[in-house]
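User: I would like to learn how to read a few features in a structure. Where do we begin?

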Amino acid sequence: QVQLVESGGGLVQAGGSLRLSCAASGMFFKYMTTGWYRQAPGQERAVVATISSGGRTNYAASVEGRFTISRDNLANTLVLQMNNLKSEDTAMYFCTAPGLGAWGQGTQVTVSS
């Protein structure tokens, strides 16, 4: 069975940084497009960043230049480095392998002013 477990969320001041990690079992990130999504209260779940099996990355305009998605193939983990955090980044962040319909349980990121 496929399982995704996110970690690294927490409370941070605006301008700070967090590093989210997603550990996978039952699948390998390196073989498919994977990514991070987020959902704020009252909002739809939206894509934050994706990375293809070939390593091509894409970012939502709102996070471009501040967030970096990466993959550790040996460890089979997906990482989202979040810098210069803003209050608008407050949300539950989810790791996903959309080709498998797999989602993690989410990790909360709260950015205070």
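User: Let us start with salt bridges. How many salt bridges does the count come to?

Analyst: Side chains of opposite charge can pair when their charged atoms come close. This is a predicted model. Here the count comes to two salt bridges. In one, the side chains of Asp-89 and Arg-38 meet, with 2.9 Å from N to O. The other is formed by Arg-66 with Asp-89, and its closest N and O atoms are 2.7 Å apart.

User: Which parts of the chain does the pair of Arg-66 and Asp-89 link?

Analyst: Distant ones. Arg-66 sits in the loop between β6 (57-59) and β7 (67-72). Asp-89 sits in the loop between β8 and β9. The two are 23 residues apart.

User: What else is Arg-66 in contact with, leaving aside its neighbours within four places in sequence?

Analyst: With those neighbours left aside, the contacts of Arg-66 are Gln-81, Met-82, Asn-83, Asn-84, Leu-85, Lys-86 and Asp-89. The side chains of Arg-66 and Asp-89 are also joined by a polar contact of 2.7 Å.

User: Now the sheet. What is the order of the strands in the open sheet of four?

Analyst: Strands of a sheet pair through backbone hydrogen bonds, either parallel or antiparallel. In this open sheet the order is β1-β3-β8-β7, and the pairing is antiparallel.

User: Why is one side of β1 and of β7 left without a neighbour in the sheet?

Analyst: β1 (3-7) and β7 stand at the edges. Each has a single partner strand, so one side of each has no neighbour in the sheet. From one strand to the next, the twist averages 15 degrees.

User: How many bridges join β7 to β8?

Analyst: Six, and the two strands run antiparallel.

User: Last, aromatic rings. How many aromatic pairs does a search of the whole structure find?

Analyst: Three. To read a pair, take the distance between ring centres, then the angle between planes; over 60 degrees counts as edge-to-face. The rings of Phe-28 and Tyr-31 have centres 5.8 Å apart and planes at 65 degrees, so this pair is edge-to-face. Phe-28 is partly exposed at 47% relative accessibility. Tyr-31 is exposed, with a relative accessible area of 60%.

User: What are the distance and angle for Tyr-37 and Trp-103?

Analyst: Their ring centres are 5.1 Å apart and their planes are at 75 degrees, so this pair is edge-to-face. Tyr-37 is in strand β4 and Trp-103 in strand β10 (residues 102-103), 66 residues apart. Tyr-37 counts as partly exposed at 22% relative accessibility. Trp-103 counts as partly exposed at 37%.

User: Which residues form one aromatic cluster?

Analyst: Tyr-37, Phe-94 and Trp-103.

Conventions: Residues are numbered from 1 along each chain as its sequence is written. This is a predicted model: local features need pLDDT of at least 70, side-chain atom pairs count only at pLDDT 80 or more; totals for chains, interfaces and linings use all residues. Side-chain values use heavy atoms; hydrogens and water are left out. A salt bridge is a side-chain nitrogen of Lys or Arg within 4 Å of a carboxyl oxygen of Asp or Glu. Two strands pair if DSSP finds at least two bridges between them. Axes are lines fitted to C-alpha atoms, for helices over the stretch in contact, and angles run from 0 to 180 degrees between N-to-C directions. A polar contact is a pair of N or O atoms within 3.5 Å; within protein, one must be able to donate a hydrogen and the other to accept it, and residues adjacent in sequence count only if both atoms are side-chain atoms. Contact means heavy atoms within 4.5 Å. Rings of Phe, Tyr and Trp (its six-membered ring) pair if their centres lie within 6.5 Å; planes under 30 degrees apart count as stacked, over 60 as edge-to-face and the rest as tilted. Buried means under 20% relative accessible area, exposed over 50%, partly exposed in between (1.4 Å probe, protein chains only).
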